[in-house]
Amino acid sequence: MDRGYEVALEKMIEKMEMVSYTPEIDISNLSIHQSEINRPALQLSGFFERFAENRVQIIGRIEQSYIEEILEKNRLKMLEVYEKFFNSQIPCVVFARGLKPTQAMMHMSEKYHVPLLGTNLGTSEFMAELIRWLNEELAPRISIHGVLVDVFGEGVLIMGESGIGKSEAALELIKRGHRLVSDDVVEIKRISKDTLVGSAPEITRHFIELRGIGIIDVKTLFGVESVKMTQNIDMVIQLDEWDKGTDYDRLGLEEKYTEFLGNKVVSHQIPIRPGRNLAIIVEAAAINHRQKKMGYNAAKELYNRVTGQFAMED
C-alpha cells in the first residue's frame, strides 16, 4: 500500500549493505514507495497480469535457475520478457544469495535505467529484513508535543500543557535510572495495528529544555545509558492542573485510551498540584501497566475482595 511516504534507494542500499551491478545508473533521485516486495517468477515466464511493478523485485535461486536454464535458451522470448519487465518502471532488482545478473539483463537494465543490486543474504532472510525495515521507514507518522521516556521497559508518553512539568518529570526519571527518548517533540510511527514507535527529531535528540536553566544535554550529563533512540509507546500520562470540580478516576476499573494514527494507547489523567512527586507516580503507573499485561489487575482484585466481603455479610 502506498502511504504517501518514500525512502531513498541510496539509503536502502546502505542499510541493507547491497552492492550495485550497474554503478553507471544514477540513483540519486530514485525512491522506494512501498514496503511490500515481489519475486517476479510469473513475470519472467511471461505473465504480467496484476504485476506489482512498484515494488522492489527480488531474484532468488528459483528465478535465477529459470533465467539460466530456460529463458536464455529462447532469445526471442527472453527479449520480449525483459522488455516488458524493465519497461514497467520497476524501482530496482535485487539478486539474493550472491547471484549475478546475465549480460542480457544488464543490457536491458541500462536501457531502461533500472538499477541491479546484489546481496549475499539468503532470499528469505533478506526479504524478511527488507520488509521489516521498509515497514518502519514508510510507516504513517505524526509529531506531537510531549516527552517520551523508557520506564522499566515501558514506553511512557507524558503529555500536557506547556510549562506543566513534563521535562522536569523526565529529568527526575532519568536521575532514577530510566532513559529519555525525546523531549518537547515526539515523532510517532505506526508500525502495525498494535505497535506505535516513538523517537526524537534528529535536531533535538538527547536534549531537554528546562525553564529557568535552558537546554541540557542528557547524554553528556548522565551518560549513554540515560538515552534511547526509539521506544514502543505503551502508555500515555496526561498531566493536568488540579481542578476541584473535576471527578478524577480513583479506582482504575475501566481503561481509558488516547488514539494516535488509529491505534489506541492506555491513558491516565494525572492531576498536578504542589508536593506531588511525578517521577514516582509515573514509575508506579508503568509497573502497574506491566502487571496488567501479565494478567494481574489491582483494582479488580480490590473490587473482588470488597464484593466478596459484602456477600459474606449478607
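Helices (H or I, at least four residues) and strands (E, at least two) are DSSP runs, numbered from the N terminus. The model described here is predicted: local features need pLDDT of at least 70, side-chain atom pairs count only at pLDDT 80 or more, and totals for chains, interfaces and linings use all residues. Residues are numbered from 1 along each chain as its sequence is written, and side-chain values use heavy atoms, with hydrogens and water left out.

The predictor's confidence in each residue is given as pLDDT, on a scale from 0 to 100. The chain has a mean pLDDT of 91, and 97% of its residues reach 70 or more. Confidence is highest in strand β6 (residues 93–95), at 98, and lowest in helix α10 (residues 298–313), at a mean of 76.

Consider Glu63, a residue of helix α3 (residues 61–69). Its relative accessible area is 4%, so Glu63 is buried; buried means under 20%, exposed over 50%, and partly exposed in between, for a 1.4 Å probe and protein chains only. Contact means heavy atoms within 4.5 Å. Leaving aside residues up to four places away in sequence, Glu63 touches Arg39, Pro40, Ala41, Leu44 and Ile58. Glu63 and Phe95 are separated by 32 residues in sequence, and their C-alpha atoms are 9.6 Å apart in space.

Lys84 has its place in helix α4 and is partly exposed, because its relative accessible area is 40%. Lys84 and Gly46 lie 38 residues apart in sequence and 8.6 Å apart in space, C-alpha to C-alpha. In the loop between α4 and β6 is Gln89, which is exposed, with a relative accessible area of 71%. Most residues other than glycine have a negative phi. Gln89, however, has a positive phi near 65°. Another positive value, near 55°, belongs to His113, found in the loop between α5 (103–111) and β7 (116–118). His113 is exposed as well, with a relative accessible area of 56%.

Helix α7 (residues 166–175) is mostly covered, with seven of its ten residues buried. Among them are Ala169, Ala170, Leu173 and Ile174. Just after α7, Gly177 takes a positive phi of about 100°.

Two packed helices are described by the angle between their axes and the distance between the axes. Axes are lines fitted to C-alpha atoms, for helices over the stretch in contact, and angles run from 0 to 180 degrees between N-to-C directions. The axes of α7 and helix α9 (residues 278–293) come within 8 Å and cross at roughly 70°. The two helices are therefore roughly perpendicular to each other, a term for angles of 65 to 115 degrees. Ala169, Glu172 and Leu173 of α7 make the contact with Leu278, Ala279, Val282 and Glu283 of α9.

A nonpolar core is a set of buried Ala, Val, Leu, Ile, Met, Phe, Trp, Tyr and Cys residues joined through side-chain atoms within 4.5 Å. In the largest nonpolar core, which has 27 residues, Val156, Ile158, Ile208, Ile237 and Leu239 touch the most other members. The elements that give two or more residues to this core include β10 (154–160), α7, β17 (235–241) and α9. Ile237 touches Val156, Leu157, Ile158, Met159, His268, Ile270 and Ala285, not counting residues up to four places away in sequence. A second, separate core of 22 residues includes Leu44, Leu71, Met78 and Leu116.

Definitions and conventions:
Angles under 35 degrees count as roughly parallel, over 145 as roughly antiparallel, 65 to 115 as roughly perpendicular and the rest as oblique.
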